[in-house]
Amino acid sequence: MERDKLLAVLPENHPLADYDKVPLSALCDEPFMLLEKGSKAEISKVFERNGLTPKVHFTTRDDYAVMSMVEGGLGISMLPELILKRIPYRIVTKEVNVPAYRDIGIALKSRKTASLAIKRFLEYVNHRHK
């Protein structure tokens, strides 16, 4: 099981971009773009665990739509760190001041019979966390 951090996503020059770690409560003061994939998103659970409720102005299953809206100044968000690698958007990402992550699991019948693509992916994941 691997952990992928959930990061605050802000427009460039946003006041919260100056923080080393953004207070989760500060994310509740602005319009929030919620990425909702699955019955209960990891992002929603982070707020619930901390007794907070963001001002959700838009909910989507498309992480690129979230990044585009944040870049356009329509609000702020949280997204998984893996999604935020090498993106073309002019946005700022910051850790939040509470534990925020999603667990990623990989299940396969056998490493020996796995395709080359799967073997390369497993190498990447293992290397990333060493």
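Visitor: Why is E95 called partly exposed?

Guide: Its relative accessible area is 30%. Buried means under 20%, exposed over 50%, and partly exposed lies in between (1.4 Å probe, protein chains only). So E95 is partly exposed. This is a predicted model: local features need pLDDT of at least 70, side-chain atom pairs count only at pLDDT 80 or more, and totals for chains, interfaces and linings use all residues. Residues are numbered from 1 along each chain as its sequence is written, and side-chain values use heavy atoms, with hydrogens and water left out.

Visitor: What makes E95 and K21 a salt bridge?

Guide: The N to O distance of their side chains is 3.7 Å. The term asks for a side-chain nitrogen of Lys or Arg within 4 Å of a carboxyl oxygen of Asp or Glu. The pair therefore qualifies. E95 lies in strand 6 and K21 in strand 2, so parts 74 residues apart in sequence are tied together. Strands are DSSP runs of E, at least two residues; helices are runs of H or I, at least four; both are numbered from the N terminus. K21 is partly exposed too, at 47%. K5, K21 and E95 are linked in a network of salt bridges.

Visitor: How do you know that R90 and E12 meet in a salt bridge?

Guide: Their N to O distance is 3.4 Å, and the limit is 4 Å. R90 lies in the loop between strand 5 and strand 6, E12 in the loop between strand 1 and strand 2, so the pair ties together parts 78 residues apart in sequence. R90 counts as exposed because its relative accessibility is 55%. E12, at 38%, counts as partly exposed.

Visitor: Why is S44 called buried?

Guide: S44 has 14% relative accessibility, so it counts as buried. S44 lies in helix 1 (residues 42–49). The buried residues of helix 1 are I43, S44, V46 and F47. They cover an arc of only 155° around the axis, so they sit on the same side of helix 1. That arc is taken from the directions from the helix axis to the C-beta atoms.

Visitor: What makes F32 and F47 an edge-to-face pair?

Guide: The structure holds one aromatic pair. The centres of F32 and F47 are 5.3 Å apart, with 85° between the planes. Rings of Phe, Tyr and Trp (its six-membered ring) pair if their centres lie within 6.5 Å; planes under 30 degrees apart count as stacked, over 60 as edge-to-face, the rest as tilted. Hence the label edge-to-face. F32 is in strand 3 and F47 in helix 1, 15 residues apart.
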